[in-house]
Number of protein chains: 2
Amino acid sequence: MASYDLEHPAIDEIELTDVLFALSDPARLEIVREVSAGPLSMAECGATNPALPKSTKSHLMKVLREAGVVRNEPDGRGRRLTLRREELDERFPGLLDSILR
Amino acid sequence: MASYDLEHPAIDEIELTDVLFALSDPARLEIVREVSAGPLSMAECGATNPALPKSTKSHLMKVLREAGVVRNEPDGRGRRLTLRREELDERFPGLLDSILR
DNA sequence: GATTTGGTTCCAAAAAGTTGGAACCATGCC
DNA sequence: GGCATGGTTCCAACTTTTTGGAACCAAATC
C-alpha cells in the first residue's frame, strides 16, 4: 500500500488561530524551536524531554502538523520533520521570526 | 472597597505561550483587533458578537488580561480596556504587528 | 440611601485538550 | 519470511477550558 502520507493543510488553508494555539504549548513550542534548526527525525526531537512517551510526542506533533506548522513525511524507516518556514513566512510575515527569536 | 483594580502581570512576567494561547481563540483575537484601534468600554467591545452574554465576555477578557495582552482599569462607572501595545512590542518585538496585520 | 448602569465573580455543566499504554503498521535488514 | 526499529493510532482516564445564569459589587445619579 505504498504511501503512508499524513494530511497536511494547504498553505492557504492554514488558520492563524490554529498556528497560535499549536505554539501556545511550551512542549510544542520547544519542538518547533528544535526543528527550526533543520529537519529532524522523531527520535531526535524532544531532546529536552527525553522521558516523553512516544505516543505523547506523536500527539504533540500531530497538533503542529494539522495546524500547518510542521511537515511530517516518510524518510526511510522513520519520518522527517521539517518546519514549514517559507510557507508560514509567506502567509504570516514576521510571525515565526517574532516567536522564535 | 476603595480600589477595584484587577491583577495585571508585570511586563517581564508576561509569558509568550500565554500570549499565544490568549490570541488563539477567534473571539478573543477579534476583541484584541477591536481594542487595537483604541481604548474601549466593555459594552463597546465584541461588537461583532452582540448576543454574547456579559459573563462570557468578561471571561474572555480575563484570559486576555491575565496573559498580559489587555489592560482593564476602572473608568467612571464602567471599565476601560486598552491593548498593552508598547509593553508587548518591547517584550516581543514584531509579534503583535504580525498577528494583527 | 435607593436605583440604575456596567461589569466581575461564583458555580456547575458541557466541551475540548492532554496523556500514555497497548495495539498496530511500514520499512529496512538479515 | 522473520525480526527489529521507528512511529502512528486506538482508547480511556484525566485535566483544563468554555459557557452562561445568577448573585454580587462599585460608581454615578437622583
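**View 1. Helix 2 of chain B and its cover.** Helix 1, helix 3, strand 1 (70-75) and strand 2 of chain B are among the elements that cover the buried residues of helix 2 of chain B. Helices (H or I, at least four residues) and strands (E, at least two) are DSSP runs, numbered from the N terminus. The model is predicted: local features need pLDDT of at least 70, side-chain atom pairs count only at pLDDT 80 or more, and totals for chains, interfaces and linings use all residues. Residues are numbered from 1 along each chain as its sequence is written, and chains are lettered from A and ligands numbered from 1 in the order in which they are written. The buried residues of helix 2 of chain B are R28(B), I31(B), V32(B) and V35(B). They lie on the same side of helix 2 of chain B, because they cover an arc of only 100° around the axis. The arc is that of the directions from the helix axis to the C-beta atoms. An α-helix has 3.6 residues a turn, so residues three or four places apart point the same way. Buried means 20 or more other C-beta atoms within 10 Å of the residue's own; exposed means 12 or fewer, and partly exposed lies in between, with C-beta atoms placed from the backbone.

**View 2. The contact between chain A and chain B.** Each side is listed by chain: 16 residues from chain B and 16 residues from chain A. Contact means C-beta atoms, placed from the backbone, within 7 Å. On the chain B side, helix 1 (16-23), helix 2 (26-35) and helix 5 (95-100) each supply at least two residues. Helix 1 of chain B gives the most, with five. The copies meet through the same surface, because 100% of the interface residues of chain B are also interface residues in chain A.

View 3. Two or more residues each come from helix 3 (54-67) of chain A, and from helix 3 (54-67) and strand 2 (78-83) of chain B. Helix 3 of chain B gives the most, with six residues.

**View 4. The loop at T48(B).** T48(B) lies between helix 2 and helix 3 of chain B. T48(B) is exposed, with 12 other C-beta atoms within 10 Å. The C-alpha atoms of T48(B) and E87(B) are separated by 27 Å.

Key
Contact = placed C-beta atoms within 7 Å.
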